[in-house]
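Here are a few notes to go with your first look through this one. Keep the viewer open and follow along point by point.

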Amino acid sequence: MTVELSKLPTNTPIIVGAGQSVERDAGSTSHVGMAAQAAAMAVKDTGAQGIADSIDTIAMIRLFSDIAPAWQANLGRSNNPPESIARAIGAKPRHRIYSQAGGNEPQALLMEFFADIARGDRDMVLLAGAEALRNQRKAEKQGLALDWAEDYDEPLEDRGIGNIFPDPQELANGMVMPLHYYTLIEQARRTAMGQDRQGYLAESARLMASFSEIASHNPYSQWPGAQSADDILQADLLTHLYTKRMIAQDSVNQGAALLLTSVRKARELGIPEDNWIFMHGAAEGTDVDVSVRPTLGGSVVAGHVLDTALAMAGRSHNSIDMFDIYSCFPCAVTAISDHLHLPADGSLPLTLTGGLPFFGGPGNNYSMHGLAETVWQLRKAPGKFALVHANGGFLTKHATGIFSGTASTVDWSAANTKIGSEFAPKCERATQPDSGIVVSYSINFRGGAVTDVTALAETPSGQRFVCSSAPTDQVTVQQSLNEELVGKSISVQPGEQDHSLHYTLST
């Protein structure tokens with residue numbers, strides 16, 4: 001059901017501005033500087049005056065450099081990123097929020113603030129985020145003396161990193177990067193499809209090439225040009241199912257921002273109705289750890305999130321005109337496209353930006369770019385609907401929104417968008433196994449050579465455990481290259497490190 005704009009409840013939340021920024025050539029702009037550029041564009045994009053003075057909340061997506069040592073640098077940082085943005089655009093917000101970690105955060109915060117606006121708790125919210133890792137790494141490599149330190153006394157609601165910590169057994173057995181988790185998911189999908197390794201790699205390359213083609217036409221993508229499926233296949237192997245050109249690239253300088261407000265405030269400020277974008281449905285939920293998911297080749301919770309958002313919007317997947325599906329790895333796309341019965345062969349666009357491997361992977365903030373593109377493209381397509389799916393962790397934290405320029409009747413002050421833990425079943429974890437059957441695996445490469453193999457296995461009683469090939473066991477590594485591991489029996493011995501387990505293939 002839709003309603004005329006003139007008859008909308010005045011507390012109806014809407015998106016009224018969007019902005020993006022990019023620096024293709026490495027320079028000196030900081031993370032918060034990239035976010036401020038996008039925020040300034042979002043303010044201008046509303047088409048009205050007095051916007052900065054009306055912003056009462058600025059929320060910034062957490063930077064990678066504030067998550068883990070691998071992304072930190074000795075360039076200084078802002079102790080209050082939202083205030084840094086406020087100073088740059090001339091805003092004086094009452095509330096400053098620094099989000100948790102996760103690629104789901106842009107969509108999750110949008111849902112949160114839509115509810116707040118509908119209840120009258122906030123008037124106008126600026127959502128922003130960025131990464132300047134390209135500039136950071138250039139400065140580190142060349143020894144440039146950049147000073148990104150900013151120090152403010154204004155209050156900050158810092159929500160911390162959140163729950164992103166892997167299980168100790170996973171870490172002890174080499175699962176230290178998203179790459180390893182997603183390969184386990186990818187391999188489980190390959191097994192279910194009954195496809196050989198080369199055929200599966202070729203399928204992933206075709207899908208990713210379609211993303212690259214879209215990125216090549218996007219003025220806010222980090223890199224010009226398109227990669228063909230052959231280009232993608234010929235890049236260095238990272239695992240047996242991924243080349244370097246199939247995965248998210250975080251060495252970018254990109255920022256994105258959105259402005260949210262109510263119909264009442266938009267009319268008061270004179271924001272043109274043609275700039276208004278509505279959210280018709282939304283949902284979010286969190287899955288269990290990868291290694292204990294009964295259905296490993298995707299995420300059951302993601303399916304429930306998608307179904308809930310679509311049902312709230314009164315839409316089916318066949319009535320969605322545009323998609324931006326999170327694309328850090330191919331299976332992040334296919335987990336969603338499979339559930340929605342969408343082709344993943346490149347024949348249907350599944351991204352509006354070009355995706356994280358080709359448009360750019362600005363940390364936790366990628367989906368803000370997807371949302372900004374959604375706003376701009378829907379303004380040019382009256383009556384059309386778009387679906388944005390955001391993903392955090394390892395297909396773990398999911399958030400989805402359904403958007404249109406058509407007015408929405410959803411009462412966001414009372415909408416239930418949370419998917420409960422009852423939709424996230426899990427297997428038990430084995431802590432001291434001595435044998436098992438391989439459920440999935442990742443053959444890991446460096447410099448073109450195999451380094452080790454990580455396996456996810458199951459005991460006869462159905463308990464799951466993660467193990468790895470021993471550092472000196474090249475026999476097992478070579479066997480893993482030459483044989484299909486899923487379904488193979490393995491024996492397990494404790495490693496030297498706590499929680500580590502080393503396996504050999506049983507004969």
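1. Start with strand S8, residues 253-262. In this predicted model, ten of its ten residues are buried, so the strand is largely enclosed by the rest of the structure.

2. Now look at the two sides of S8. In a regular strand the side chains alternate between the two faces of the sheet. On one side of S8 you'll find Asn 253, Gly 255, Ala 257, Leu 259 and Thr 261, on the other Gln 254, Ala 256, Leu 258, Leu 260 and Ser 262, and all of them are buried, leaving both faces covered.

3. Which strands pair with S8? Strand S1 (residues 13-22) does, antiparallel, over nine bridges, and Pro 13 sits opposite Ser 262 of S8. Strand S4 (residues 124-132) also pairs with S8 in the antiparallel sense over nine bridges, with Ala 132 opposite Asn 253.

4. Next, hop over to helix H14, residues 474-482. Thr 476, Val 477 and Ser 480 are buried there. Looking down the axis of H14, its buried residues fall within an arc of 105°, so they line one face of the helix. Val 475 and Asn 482, on the other side of H14, are exposed.

5. What do the buried residues of H14 pack against? Their partners are helix H8 and strands S13, S14, S15 and S17.

6. Last stop: helix H1, residues 31-45. Its 15 residues reach 21 Å from first C-alpha to last, close to the 21 Å expected. Buried residues in H1 include His 31, Met 34, Val 43 and Asp 45. Just after H1, check Gly 47, which takes a positive phi of about 75°.

Notes. Residues numbered from 1 in each chain as written. Predicted model: local features only at pLDDT ≥ 70, side-chain atom pairs only at ≥ 80, totals over all residues. Heavy atoms only, no water. Helix = DSSP H or I, 4+ residues; strand = E, 2+ residues; numbered from the N terminus. Expected span 1.5 Å × (residues − 1). Buried < 20%, exposed > 50% of the residue type's maximum accessible area, 1.4 Å probe, protein only. Pairing = 2+ DSSP bridges. Arc of directions from axis to C-beta. Contact = heavy atoms within 4.5 Å.
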